[in-house]
Amino acid sequence: MAKRIAILTGGGDCPGLNAVIRAVARRSFQRRHEVVGVREGWRGLVEDQLEPLGSREISGLLPRGGTILGTTRTNPYKLDGGVERVLETFGRARLDALVAVGGEDTLGVATRLHHEQGFPVVGVPKTIDNDLAATDYTFGFDTAVFIATEAIDRLHTTAESHNRVMVVEVMGRHTGWIAVMSGIAGGADVILIPEQPISIDEACDDIRRRHERGKDFSIVVVSEGYELEGLADRGEQDQFGHVRLSQRGVGEALAHEIEERTGFESRVTVLGHVQRGGSPTPRDRVLATRFGLKAADLAHEGLFGRMAALQGDRIVDVPLAEATAELKTVPPEWYDVARAFFG
Ligand code: F6P
C-alpha cells in the first residue's frame with residue numbers, strides 16, 4: 001500500500017543532507033510512496049510547515065551542500081505543547097513515517113518520541129563532528145576533514161615562509177574527531193582535543209623540540225572543545241542546552257599562550273562554518289546515499305525506532321536509543337597515531 005513518508009533535517013547543516021533526501025525520495029518513489037518535506041527540522045512539525053517533494057524538487061541534489069529543507073535546532077520538548085503539535089501535524093497530514101536526519105539532538109528527540117509516543121520514526125546519522133555512537137562514521141565528517149586538511153596544507157606554506165606557529169581551530173564540539181583526522185592528514189605538529197587533554201606546557205615542549213631540530217615553523221590543530229584553563233563558556237544555550245563553543249576562543253587564547261611561553265611568533269586561523277559548507281566529498285555522497293536508501297527501506301518496512309548505521313563497510317540498522325545514549329569519543333589508539341608525529 002502506498003505510504004506518505006516525511007523527511008526532516010535538524011541541527012547544524014552538513015554536506016550530504018541533500019543526497020540523503022534524494023535517496024530517500026528516489027527509493028520511495030519506486031514504491032509509489034509519496035514523500036513530504038518537513039521545513040526546518042522539528043520546527044516544521046511544530047508549526048505545520050510541510051511541502052510535497054516530487055522528482056522536480058529532488059533533481060540535482062546529489063552534489064549540493066546544505067539542505068533544501070532548511071534546518072533549525074528546535075526542540076519540541078522545550079516548547080509549550082510542542083510534542084502535541086508535532087503529533088497533530090503528523091496526523092493531520094496523514095503521514096505514515098518520518099525519516100529524521102540529524103545528530104545527537106535531533107535523533108534524541110526522535111528516540112524519545114518513539115519510546116514515549118510510539119512515533120513512527122527512523123533515523124539517519126548526520127554530523128560533521130562524527131560523535132554519534134553505533135555508527136563507525138556519520139556523513140558530513142569526511143567533507144569537514146577534507147576542508148580542514150586543505151586549510152592545514154595552505155597554512156604550512158605561509159607558516160614556513162614567516163617562521164611562525166600557526167594555530168588552526170576546528171569544530172567538533174566535545175569530541176576531537178575533526179582535529180585528529182585533519183591533523184594526521186595535514187601533518188600537524190601538535191593536536192589538542194577534549195578527550196586527551198595534553199597541557200599547554202607539553203604542547204610548547206613539542207614545539208620547542210621541533211625548533212631545536214631545525215624546523216622553524218609549527219602547525220598546531222586545536223579542537224574548539226579543548227579545555228584551556230581560564231576559558232569559560234559564553235553566550236546563550238540553545239534549546240538542547242549547548243553553548244556556542246567557538247565563542248570561547250580557544251584558538252586565539254592558545255596562540256597567545258604559545259607565543260608568550262616559547263617566544264615564537266604565532267597566528268590563529270578559526271575555520272568555522274567553512275567546514276560545513278559546500279559540496280560533499282565523493283565518500284560523503286556515497287555514504288549519505290546508502291544511509292538514505294536504508295532509511296527508506298526501514299520506513300517502508302515499518303521498522304521504527306531504528307537508525308541506518310555504518311559498521312565496517314556494511315550499512316546496517318541499530319536502535320536509535322543506542323546511537324544517542326552516549327557520545328562517540330576519539331579512542332586513545334587514534335590519538336596515538338597523531339601523537340607519533342608531535343614535536
Ligand atoms: O555540530 C556541528 C557544529 O558545527 C559543531 O561542530 C559546532 O560546535 C556547532 O555545530 C556550531 O553551531 P552553529 O552553526 O549553531 O554555530
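Figure 1. Leu271 has a relative accessible area of 12%, so Leu271 counts as buried (under 20%; exposed is over 50%, partly exposed in between; 1.4 Å probe, protein chains only). The model is predicted: local features need pLDDT of at least 70, side-chain atom pairs need 80 or more, and totals for chains, interfaces and linings use all residues. Residues are numbered from 1 along each chain as its sequence is written, and side-chain values use heavy atoms, without hydrogens or water. Find Leu271 in the loop between strand 9 (266-270) and helix 9 (282-301) (DSSP runs numbered from the N terminus: helices are H or I, at least four residues; strands are E, at least two). Now look for Val170. Leu271 and Val170 stand 101 residues apart in sequence. In space, their C-alpha atoms are 5.8 Å apart.

**Figure 2. Nine residues surround the ligand: Arg73, Ile128, Asp129, Met171, Gly172, Arg173, Glu224, His273 and Arg276** (each has a heavy atom within 4 Å of the ligand). By class, this shell holds two nonpolar, two polar and five charged residues (Asp, Glu, Lys and Arg are charged; Ala, Val, Leu, Ile, Met, Phe, Trp, Tyr, Cys and Pro are nonpolar; the others, Gly among them, are polar).

**Figure 3. Arg73, Asp129 and Arg276 reach oxygen atoms of the ligand with their side chains**. Start at Asp129. A polar atom of the Asp129 side chain lies 2.7 Å from a ligand oxygen. For Arg276, a side-chain N or O atom is 2.8 Å from an oxygen of the ligand. For Arg73, the distance from a side-chain N or O atom to a ligand oxygen is 2.9 Å. The ligand taken alone exposes 400 Å², and the protein buries 83% of that (areas by the Shrake-Rupley method, 1.4 Å probe).

Figure 4. Thr138 has a contact of its own: its side chain reaches the backbone oxygen of Thr127 at 2.6 Å. Asn130 has 0% relative accessibility, so Asn130 counts as buried. Thr138 is buried too, because its relative accessible area is 1%.

**Figure 5. Ser182 is a buried helix residue**. Look in helix 6, residues 177-186, to find Ser182. Its relative accessibility is 0%, which means Ser182 counts as buried. Next, locate Phe146. Ser182 and Phe146 are 36 residues apart in sequence. Their C-alpha atoms, however, are 7.1 Å apart in space.

**Figure 6. Glu40 and Asp48 have positive phi angles**. Neither residue is a glycine. Glu40 has a phi of about 55°. Glu40 sits in the loop between strand 2 (34-38) and helix 2 (42-46). Its relative accessible area is 22%, so Glu40 is partly exposed. Asp48 has a phi of about 55° as well. Find Asp48 in the loop between helix 2 and strand 3 (50-53). Asp48 is partly exposed because its relative accessible area is 39%.

Technical notes. A polar contact is a pair of N or O atoms within 3.5 Å; within protein, one must be able to donate a hydrogen and the other to accept it, and residues adjacent in sequence count only if both atoms are side-chain atoms.
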